[in-house]
Amino acid sequence: MDNFKVIEKFDEKRIEELHSLFKNEWWTQKRQITETRKLLENSSVVIGLIHEKSGELIGFARVISDSIYRAFIFDVIVKENYRNDGIGTILMKSILNHSHVKDVERVELYCPDRLVSYYEKFGFSTDVNGSNLMRLSHNL
């Protein structure tokens with residue numbers, strides 16, 4: 001953690017860097033920069049990870065929460081050339097230990113099958129008491 005700085009505020013430079021991270025991921029690549037600004041404003045917790053030597057944004061994650069009963073983690077992203085170096089772990093620990101998340105009754109996320117074992121290391125489970133993910137999509 002010595003080479004990284006956690007941030008929770010995003011100035012315009014950081015917003016542009018985040019938008020560039022989004023452009024490289026299959027689930028976020030169609031987002032517009034105006035949408036990136038809005039999601040930052042409307043998320044309960046936003047965490048960025050800055051590489052101290054280069055000064056670049058190398059990781060991001062966010063949470064939407066009521067801070068009591070439910071918190072949902074979204075957009076856990078690590079810049080490609082920093083993957084498998086523990087950056088995702090720093091992001092997840094920062095999120096899970098955040099004051100708006102750490103005491104929430106249920107913290108949830110969804111992920112592709114290939115990442116289930118990764119998130120199980122943090123205590124997540126696919127056992128959701130028979131619940132199903134349901135979706136209403138407005139933007140197709």
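Residues are called buried under 20% relative accessible area, exposed over 50% and partly exposed in between, with a 1.4 Å probe and protein chains only. The model is predicted, so local features need pLDDT of at least 70 and side-chain atom pairs count only at pLDDT 80 or more, while totals for chains, interfaces and linings use all residues. Numbering runs from 1 along each chain as its sequence is written, and side-chain values use heavy atoms, with hydrogens and water left out.

Now for the rings. A search of the whole structure turns up 9 aromatic pairs (rings of Phe, Tyr and Trp, the last by its six-membered ring, with centres within 6.5 Å; planes under 30 degrees apart are stacked, over 60 edge-to-face and the rest tilted). One of them joins F10 and F60 edge-to-face, at 5.7 Å centre to centre and 80 degrees between the planes. F10 sits in the loop between β1 and α1 (12–23) and F60 in strand β3, so this pair ties together parts 50 residues apart in sequence. Helices (H or I, at least four residues) and strands (E, at least two) are DSSP runs numbered from the N terminus. Both F10 and F60 are buried. F74 and Y110 also pair edge-to-face, at 6.3 Å and 85 degrees; here strand β4 is linked to the loop between β5 and α4, across 36 residues. Y110 has R135 over its face too, 5.8 Å from the ring centre (for a charge over a ring, NZ of Lys or CZ of Arg is within 6 Å of the ring centre and within 35 degrees of the ring normal). The charged end of R31 likewise sits over the ring of F22, 4.8 Å from its centre.

Y110 and R31 turn up again in the largest pocket: along with W27, T28 and D75, they lie nearest its centre among 45 lining residues. A pocket is an open set of points on a 1 Å grid over the protein atoms alone, where a 1.4 Å probe fits, with protein on both sides within 12 Å along at least five of seven lines; lining residues have an atom within 4 Å of a point. The volume of this pocket is about 1,800 Å³, and β4 gives the most to the lining, with 7 residues.

Helix α3 is largely enclosed by the rest of the structure, because 7 of its 10 residues are buried. Those buried residues pack against β1, β2, β3, β4 and α4, with contact meaning heavy atoms within 4.5 Å.

Key:
Grid points are joined across faces, edges and corners, and a volume is the space filled by probe spheres set on the points.
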